[in-house]
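Me: I am new to this structure. Let us go through it in short questions and answers.

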Amino acid sequence: MNINFTMFAQAISFAVFIWFTARFVWPPLMKAVEERQKKIADGLAAADKGQQELVQAQGRAQEVLNGAKQQSQDLLANAQKRVDEMIEQAKASARQEGERQLAAAHAGIEQEIQQARETLRGQVATLALAGAEQILMREVDLEKHREVLDKLGARL
Amino acid sequence: MAAEHAEFALTPTGYIQHHLTFLAKHGDTPFWTLHVDTYVTSLLLGVVSFGFLAWVVSGATAGVPSRRQAFVELAIDFVNEQAKSIFHGDIRFLAPLALTVFVWVLMMNAMDFLPVDIMAYVYEHALGFEHWRSVPTADVNTTFALALSVWLLMIFFSFKAKGVGGFFHELFCAPFGNNPFLWVFNFLFNMVEYISKPLSHSLRLYGNIYAGEIIFLLLGLWASTGAAGTFFGAILSVAWAIFHILIVALQAFIFMMLTIVYIAMAHESH
């Protein structure tokens, strides 16, 4: 326990070592450590941002998907409607065509009946005239009796 | 030399005294004595330790650290955390101070692990020193040098934080109050604190390490009882060395913590 000059020598060494540490050891390492901390913090922030962006992108993708679904449904519905309309149209035109053909057939038949009637009328007149000739046993003047014959024919 | 050897006769007392004698360079008066062993050992340890730290730090990268850098960062981060948790202010000086104290004291304490008798043989026959005490912290000069330096820094920080008026106000008006009747008691109380701080700070470290060294020497004395005693003493020395690892690290840590606490207390005003 003898205090002597050694103490002062040691104190000077101590002071020099403190200065050395504070000057050459502490600041460079702290700088490196702080830089790394900043890097890590930045990395974490970037990861967070990426996560958020991912969530947003997923939301957007879902929206697009929903829109596409809606659109396809609309398209399908339109097409269905269109098909229905076309079927209706086709049915309607087919019905019209049928009716038209039916009417034409009716008209043809009517015309033929008329023609047959006309022919018959002429033949009836001729036949009646021949009959009358037979009955009267003489020549009937066709020109004189034309009016009577026509009236007869019209009644048929 | 023969006369000097006679001073340390082969008795238990002579053996221990031989180990506890400094390699002293005497001056004109007893005060100018320099313990060359203490001084040179501590200087070498400091140069090696802080040189190593500076070397590692000079190649420090902010990227992925090398194993060496990670080790140094671990130590520095440990000190930094302690300083930050206790001292609320600018730690750009205090933290390096605490690191210096911790590393240097740890290295000086760790010299206690060198086997006393083998090292004495090496010092005497390889280096030619009859006496060489290799544990600088077992020299009260070292511990007082550290504690008084910290004490001066403590007073400096106290002045810096409170100003001259604040310092003297606190000296007379804290902790009991600023009634003039209490000034004397306050002052006496503060004096006790100012005196006890460096004493307990330095003597705690010195006492622990010195006692550790003495116990190694006492266990070494077993060798004088023959081969069985040597063997038994060696086993006990190993057991004590293992336990001493705890003391060496713990005392370095306590010394560093007290350094931070004293300066942090000086920085706070009452």
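Me: What is the relative accessibility of Asp90(B), and is Asp90(B) buried, partly exposed or exposed?

Reply: This is a predicted model, and the values are computed from it. Buried means under 20% relative accessible area, and exposed means over 50%. Asp90(B) falls in between because its relative accessibility is 46%, so Asp90(B) is partly exposed.

Me: Which residue forms a salt bridge with Asp90(B)?

Reply: Side chains of opposite charge can pair when their charged atoms come close. Here the closest N and O atoms are 2.9 Å apart.

Me: How many residues apart are Glu213(B) and Arg133(B)?

Reply: Their side chains meet in a salt bridge, 3.1 Å from N to O. The pair links distant parts of the chain. Glu213(B) sits in helix α8 of chain B, while Arg133(B) is in the loop between α6 (116-125) and α7. They are 80 residues apart.

Me: Why are Glu97(A) and Arg100(A) separated by about one helical turn?

Reply: The side chains of Glu97(A) and Arg100(A) meet in a salt bridge at 2.8 Å, N to O. Glu97(A) is partly exposed, with a relative accessible area of 34%. Both residues belong to helix α1 (residues 5-136) of chain A. They are about one turn apart because their spacing in that helix is three residues.

Me: How many salt bridges does a search of the whole structure find?

Reply: The pairs include Glu97(A) with Arg100(A). Over all chains, the search finds eight.

Me: Which backbone oxygen does the side chain of Thr143(B) reach?

Reply: Thr143(B) is part of helix α7 of chain B. Thr143(B) is buried, with a relative accessible area of 0%. Leaving out residues up to four places away in sequence, Thr143(B) touches Thr137(B), Ser202(B), Leu205(B), Tyr206(B) and Phe255(B). At 3.5 Å, its side chain reaches the backbone oxygen of Ser202(B).

Me: How many aromatic pairs does the structure hold?

Reply: Trp19(A) and Phe24(A) form one of them, edge-to-face, with 5.7 Å centre to centre and 90 degrees between the planes. Phe24(A) is partly exposed, at 34% relative accessible area. Over all chains, the number of aromatic pairs is 26.

Me: What is the distance, centre to centre, between the rings of Phe167(B) and Phe168(B)?

Reply: Phe167(B) is buried, with a relative accessible area of 9%. Phe168(B) is partly exposed, at 39%. Their planes are 90 degrees apart, and the pair is edge-to-face. The centres lie at 5.4 Å.

Me: Which residues do ring pairs link into a cluster with Phe5(A)?

Reply: Rings pair if their centres lie within 6.5 Å. Such pairs join residues of chain A and chain B here. Linked with Phe5(A) are Phe8(A), Phe31(B) and Trp32(B).

Me: What accessible area does the nonpolar surface patch with Phe176(B) have together?

Reply: Phe176(B) lies in the loop between α7 (140-173) and α8 (183-220) of chain B. Phe176(B) is partly exposed, with a relative accessible area of 46%. Val184(B), Phe185(B), Leu188(B) and Phe189(B) complete the patch. Together the patch has about 520 Å².

Conventions
Residues numbered from 1 in each chain as written. Chains lettered and ligands numbered in written order. Predicted model: local features only at pLDDT ≥ 70, side-chain atom pairs only at ≥ 80, totals over all residues. Heavy atoms only, no water. Patch = residues over 30% accessible without salt bridge, like charges linked within 9 Å, V, L, I, M, F, W, Y side chains within 5 Å. Areas by Shrake-Rupley, 256 points an atom, 1.4 Å probe, with all protein chains shown as cover. Salt bridge = Lys/Arg side-chain N within 4 Å of Asp/Glu carboxyl O. Helix = DSSP H or I, 4+ residues; strand = E, 2+ residues; numbered from the N terminus. Buried < 20%, exposed > 50% of the residue type's maximum accessible area, 1.4 Å probe, protein only. Phe/Tyr/Trp six-rings, centres within 6.5 Å; stacked < 30°, edge-to-face > 60°. Polar contact = N/O pair within 3.5 Å; in protein donor to acceptor, adjacent residues only side chain to side chain. Contact = heavy atoms within 4.5 Å.
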